[in-house]
Amino acid sequence: MESSAKTRVVAALVLCAAAAAVAGLLLLQHHGEPRAVSAVSQACGDGQTSGCDDVARSAWSRVAGFPVAAWGLAFYLSIGLLLFLALAGPEALAWPLALVAAGALASALLVDLVLLAVQAFSIRAFCWLCIGTYVLGGLALAALWPARRAAAGANASFAAPEGRLALAGALAGGVAVFAFVFAANNALVQRAALRQARLLGAPAGPAAAAPATATAPAQAAEHAHEHAIETPATPPPGATDDVAYWREQAQTLQATIDDPAKLEAYFSARAQKEYDSAKVESIDLTRGLLKGSAGAQVSVVEYSDFLCPYCRQLAGALSGFVPQAGGRLAVYFKNFPLDNSCNSKLPRAAHPGSCTLALGAICAQNQGKLEAYHDRVFGSELKNPQPADVVRIAAEAGLNASAIEGCLDDPQTKAALAAEIAEGNRLGIHSTPTVYINRKKLPRLNDFVAVVDKEAQKKGAPPLGR
């Protein structure tokens, strides 16, 4: 192969590797891997300033049950393998193999144009990283464009034994690559499910149930956890070498920071202490019961926005946890849309259309089907939803759609929503989700299960899991 031709194949290989890297990042982001989500946000902007999050959450983000990013990753890795064979194999097969790669890239470019049209006209948002893979694929095709001159002799090259072997190897390698990528995708699905299951944390430790009194467990656990990172304000009596003493304390502190288990224990203990000392707020629990029984030992109130991705995660986690709680919980749903069209204290609309969905939730309460509506909305992909979208979702959730149409414009519906928003503003809520347990603000969602467990034990319930 001439040096210029080899350079072109190497350039195409590098471009395909870059496209595969971007597709891999988008696949990780699709499944909510924290570092990938952060990287995509830095490169593409968050969901409110770019369309990357909108595209990732849209119904178009999956084809045949798999993320588009997974298909892209498998494709570019397969083309990279083909180009590697072109470089490493017999010189007579270099351009014919490059020609096959160019043909695949040309077909992919047509698919990319369709995906671009979907973003423009169906999703109405653009994922710039996705578009970046389209550009990289187009540049790789441009690099391989001279390979078209090998078309005349390609059949003869592949008819030879070594040509058939090369094609078989490329095909087997491509199948292996696709199998690997889709196996990795399934592993990411499992990781996402595990993260959601862990979102609410674990029950209180064994020490929380051992003493007979209600307050002793919390005090014992808090004392043990605080000492894992505690630094005294002054040296103990009799300490003569202040420098040595503080050096020892600094080393102890650093050891705790370097130990994830000790650091988590510290943050958990600090959050528990903050919760214990929090004020019991006045919260209206006459409406909004979502799950559980009103007479349960522990009341949970979540102030939520139907377009908030973290609220969606919390909704999924609660749906999994409540059945395991053994009747301990009553979960109340309060609308706090981050949309200044109904929440006037907000400087801007972070989630346009969330007020409309919130009105639908009020109407669903009136029909006694809040949970069905709640689950259906959080299971849908929506962008700036309109009243027609609310009616459609309500019908899918089994509500009386015709009644919803009139309810959305009813002054009483708007007054009920305004009351929930006013309550949230009175409590100082400025982000969603915000959770209260027994009318006290929960500092961290990770401590949800532990706090629920301890609060239920105070009222005579056995520890969770027993």
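1. Strand β4 has cover on both of its faces: Val-298, Val-300, Glu-302 and Ser-304 are buried on one side, and Ser-299, Val-301 and Tyr-303 are buried on the other. Buried means under 20% relative accessible area, exposed means over 50%, and partly exposed is in between, with a 1.4 Å probe and protein chains only. Because 7 of the 7 residues of β4 are buried, the strand is largely enclosed by the rest of the structure. In a regular strand the side chains alternate between the two faces of the sheet.

2. Before going on, note that this is a predicted model, in which local features need pLDDT of at least 70 and side-chain atom pairs count only at pLDDT 80 or more, while totals for chains, interfaces and linings use all residues. Residues are numbered from 1 along each chain as its sequence is written, and side-chain values use heavy atoms, with hydrogens and water left out.

3. The protein has 18 helices and 7 strands. These are DSSP runs numbered from the N terminus: helices are H or I with at least four residues, and strands are E with at least two. Of the 466 residues, 43% count as buried. Among contacts with a separation of 6 or more, 75% are between residues 24 or more positions apart; contact means heavy atoms within 4.5 Å.

4. Strand β4 belongs to an open sheet of 5 strands with mixed pairing, in the order β3-β5-β4-β6-β7. Two strands pair if DSSP finds at least two bridges between them. The edges are β3 (289-292) and β7 (440-441), each of which pairs on one side only. Strands of a sheet pair through backbone hydrogen bonds, either parallel or antiparallel.

5. Strand β5 takes part in both kinds of pairing. With β4 it runs parallel, joined by 7 bridges, and Tyr-303 has Lys-334 of β5 as its bridge partner. β3 and β5 run antiparallel and are joined by 3 bridges; here Gly-292 stands opposite Ala-330 in β5. Helix α14 lies across β3, β4 (298-304) and β5, and runs at about 95° to β3. The axes behind this angle are lines fitted to C-alpha atoms, for helices over the stretch in contact, and angles run from 0 to 180 degrees between N-to-C directions.

6. The largest nonpolar core has 67 residues, of which Leu-200, Val-300, Leu-329, Tyr-373, Ile-437 and Phe-448 touch the most other members. The largest share of this core, 7 residues, comes from α13. Another core, of 51 residues, lies apart from it and includes Leu-26, Ala-70, Ala-102 and Leu-188. A nonpolar core is a set of buried Ala, Val, Leu, Ile, Met, Phe, Trp, Tyr and Cys residues joined through side-chain atoms within 4.5 Å.

7. Leaving aside neighbours within four places in sequence, its contacts include Gly-292, Val-298, Val-300, Phe-321, Phe-448 and Val-452.

8. Phe-448 and Val-452 are also among the buried residues of helix α18. This helix (residues 448-458) is mostly covered, with 10 of its 11 residues buried. Gly-460 follows α18 and has a positive phi, near 95°.

9. In helix α15 (residues 387-396), the buried residues are Val-390, Val-391, Ile-393 and Ala-394. Seen down the axis of α15, these fall within an arc of 165°, so they line one face of the helix; the arc is that of the directions from the helix axis to the C-beta atoms. Their cover includes α13 (354-366), α14 (370-378) and α16 (401-408). An α-helix has 3.6 residues a turn, so residues three or four places apart point the same way. Gly-398, which follows α15, has a positive phi near 90°.

10. Most residues other than glycine have a negative phi, and most peptide bonds are trans. Thr-432 and Pro-433 are joined by a cis peptide bond, with omega about -5°; Pro-433 is in the loop between α17 (411-426) and β6 (434-437). Asn-438 has a positive phi near 50° and lies in the loop between β6 and β7. Asn-438 counts as buried because its relative accessibility is 16%. Arg-439 is in the loop between β6 and β7, with a positive phi of about 70°. Its relative accessible area is 29%, so Arg-439 is partly exposed.
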